[in-house]
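Colleague: I am new to this one. Could you walk me through how to read it?
Modeller: Gladly. Ask as we go.

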Amino acid sequence: MKQPTIVVRVGGDPEQPSIGTLSFEDWSAKCSVGKNGLISASQKREGDLCTPIDIFPLRYGFYDAQKIGNEPAGFDFPFVKKPKNYSWVENPNSPYYNQMVFLDNNGLGDEDIKLKNHSHKTNENLFDLFIPIGWNDSITTKFKGSAIYIHQARENYSGTAGCIVLKREDLKTLASKIPPATVIDIDYADTLLDNNSDSKNSKITRAPIDKSSINNVIEQINYLKSYTYHSIQPGPRLLISGCVHGNEPCGMKAINRIIGEFEKDKLLLKKGSVTFLPVVNPLAQILNKREGQRNLNRNLYPVPIPSSFEDKVANVFCSLIENHDVLLDLHSFKSTKGEPFVFFGPQNNDDVIEPFSHQEKERNFAKDLGLPFGICGWLPTYHSLEQKKYKISNKNDLNQFPDLNFGVGSTEYMRFKGGYAVTVECGSHDDPKSIDVAYNTIINALTSLDLIDGSIPKNKQFKSYKMVDIVFAKDSEDFLNKDFNTGTILEKGTEIGRRKNGEKITIPEKGILVFPDKKVPKHHPLAFIAYPCSLF
C-alpha cells in the first residue's frame, strides 16, 4: 500500500519562484514556499529563506480552538490544541533548537533557553492551524534549519522563511483529508526540470535514475551483516568497519580474517565488546564502485524517509555508531603508490564545525595504530572547499550555499555523538599489502584499547600534519605536473603544477599533498595541503 503523500511542486512560473501547487490525491490548491524558492536538503541553512527538497514525515498538528473551533480534533490526522505561551526555538545555539517550548512561570523562561529574538512568532492568525514538517528534528543539527510548517498564507501568497502556506480554507480542507502517517514530497515542477536539466534547479538531492541492473542488485540486499563479540568484563565498545566505499576492499578482507581468528580462539576478547561490519555499503561493494546511488561518507546522518539505498544504510550504520564508544573505519586510496596513514580529529573545542572533547584519547589511539603519519583538519578544510565553490559559482545564489554537514562521514558522525574515531587509509585499492596494513591496524586497535592481550610497538617515527590549504582548479586545464603521492614531503616553493595561463602552482610552505589528483574538472581540488605540526 502506497504511503499517503502530499505533493508540492514549485517553480513552474520563473517570475514567481515561490509559488507552486500542493496536491493530495485528486485535490489540489495554490501554495507558496520559501521566499528564495527551494534548496537541496543537504544545503539547507537557518535563515536562508528556502524550503528543503525531499520527502519528509508529518507526525502531528496543532489548532487554536478559540479561533477555529474544535473541528480538527475529529480529523483522522492527529491534531491537538495549540498550547498557550508556546514558542518554537530557532536559535541554533540553544539546547532546545527546533523544539517547542513553553514560556510561563512554571516552565522555561527566555534566559533558560537563550531565545532572545530568535523564537518563532506565535501570535499571528497564520498559525491558528499548522502542521510541523519533520525536518531536522529526529537528530537536530545546528544551523540546519528550524520551524518549517504547513500553515496559513498571507493574502498575497508572499514567500515564507521556509514554510509551505495555503489560504485558510484550503488549509482546513487539506487537514481534513490527510490520514495519519502522511508524508510530504517537495520538489521542482517537472516542466522546470525538463527545460533546465543541467541547471541549478536539477534534483541534486535525489538518487540517480535507477538502471535495471542496480535495481536488481538492490532487491537482493535485505540486511547488513555484522559480527559482535562481548566480554563478560566491562570495557570500551569498539566498532570496526570496511567497504564504506565499495571499491576499497582491504578493510573487508582484513576484518574477515580477524573474525576467523576470533572464531578459532586465536584471538580472545578480554573485556568490553567489538563489532565488525565488513561491508557497510553492499550495493557499492557488489558494483565495485565508490558508491551505489550516492557517497555514503558525505552528509552522513539518519534519514527519516530514505530516498536512496545509501540513505537506508545510513540509518543502520548511524545506529551502530551511536551504540559504540570508538570507531575504526578502514579505507584505501586510488593512487598506485603512497604510504598508509590515519585521519584523526580536532583539538578539544566548542565550535560549530566539529565540537569535540576526546582529543587525548583519540590521538593516542591514532598513534598506537602503527602507521607512519597522521593528518587532522579534514572537516574545516573540506568546508573551506565548499565555501570556495560557493563564492566562485555565485555568491548570491543560495542554492549553492556551503553546507557544514556535507563533509561529515563516519568518524565525524561518531565525534558528534560523543565518541572518538579515526579513518585509516591503508594504501592503494589494488595493493595486496593494504590488506596486511588493515589487519595490523585492527590488531593494534584492539590492543590499544586493552580488548586483547598484546603490546603496542613504540612508534617514534610517527609524524603529524594539519590539513589547512587547498590547491583549487580555477580552470579544467589546470593540472599537477606529475602523479604525486599522499605523504611525499615537499619543500617550500616546490612547483607542483601549472595553471591554464602558464602560471606556476607552488606549495606555500614545507608540507605534504593529500589526495593529489593530476587532472580534475574546473572548481575541484587538485590536492589538499597539510603542514607539519607538533600534536603528540
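Colleague: Which residue in S17 is the bridge partner of Leu239?
Modeller: Leu327 is the partner of Leu239. One caution first: this is a predicted model. That bridge belongs to a pairing between strand S15 (residues 237-241) and S17, which is parallel and has four bridges.

Colleague: How do I read the two faces of a strand?
Modeller: Start with the general idea. In a regular strand, side chains alternate between the two faces of the sheet. Now take strand S19 (residues 373-376). Phe373 and Ile375 lie on one side, Gly374 and Cys376 on the other, and all of these are buried.

Colleague: Which strands pair with S19, and in which sense?
Modeller: Strand S18 (residues 341-343) pairs with S19 in the parallel sense over two bridges. Phe343 stands opposite Ile375. To get from S18 to S19 the chain passes through helix H9 (residues 359-368), and this β-α-β crossover is right-handed. Strand S21 (residues 463-472) is also parallel to S19, over four bridges. Gly374 has Ser464 as its bridge partner in S21.

Colleague: Which residues have the most contacts inside the largest nonpolar core?
Modeller: They are Leu300, Phe317, Ile321, Ile375, Met467, Val514 and Phe528. The core itself has 40 residues. Helix H8 (residues 309-322) gives the largest share, seven residues. Leaving aside residues up to four places away in sequence, its contacts include Trp378, Tyr382, Met467, Ile512 and Val514. Another core lies apart from the largest one. It has 39 residues, among them Val326, Leu330, Tyr439 and Ile443.

Colleague: How many disulfides are there?
Modeller: The general idea: a disulfide is a covalent bond between the sulfur atoms of two cysteines. The cut-off used here is sulfur atoms within 2.5 Å. By that rule the count is zero.

Colleague: Are Cys50 and Cys318 buried or exposed?
Modeller: Cys50 is buried, at a relative accessible area of 1%. Cys318 is buried too, at 0%.

Colleague: What is the order of strands in the sheet that holds S22?
Modeller: The order is S22-S24-S25, three strands in an open, antiparallel sheet. Strand S22 (479-480) and strand S25 (504-506) are at the edges. Each has a single partner strand, so one side of each lacks a neighbour in the sheet. Strand S24 (residues 495-498) pairs with S25 over three antiparallel bridges. In S25, Ile505 is the bridge partner of Gly497.

Terms used
Residues numbered from 1 in each chain as written. Predicted model: local features only at pLDDT ≥ 70, side-chain atom pairs only at ≥ 80, totals over all residues. Heavy atoms only, no water. Pairing = 2+ DSSP bridges. Buried < 20%, exposed > 50% of the residue type's maximum accessible area, 1.4 Å probe, protein only. Right-handed = clockwise from strand over helix to strand, strands pointing away. Core = buried A, V, L, I, M, F, W, Y, C linked by side-chain atoms within 4.5 Å. Contact = heavy atoms within 4.5 Å.
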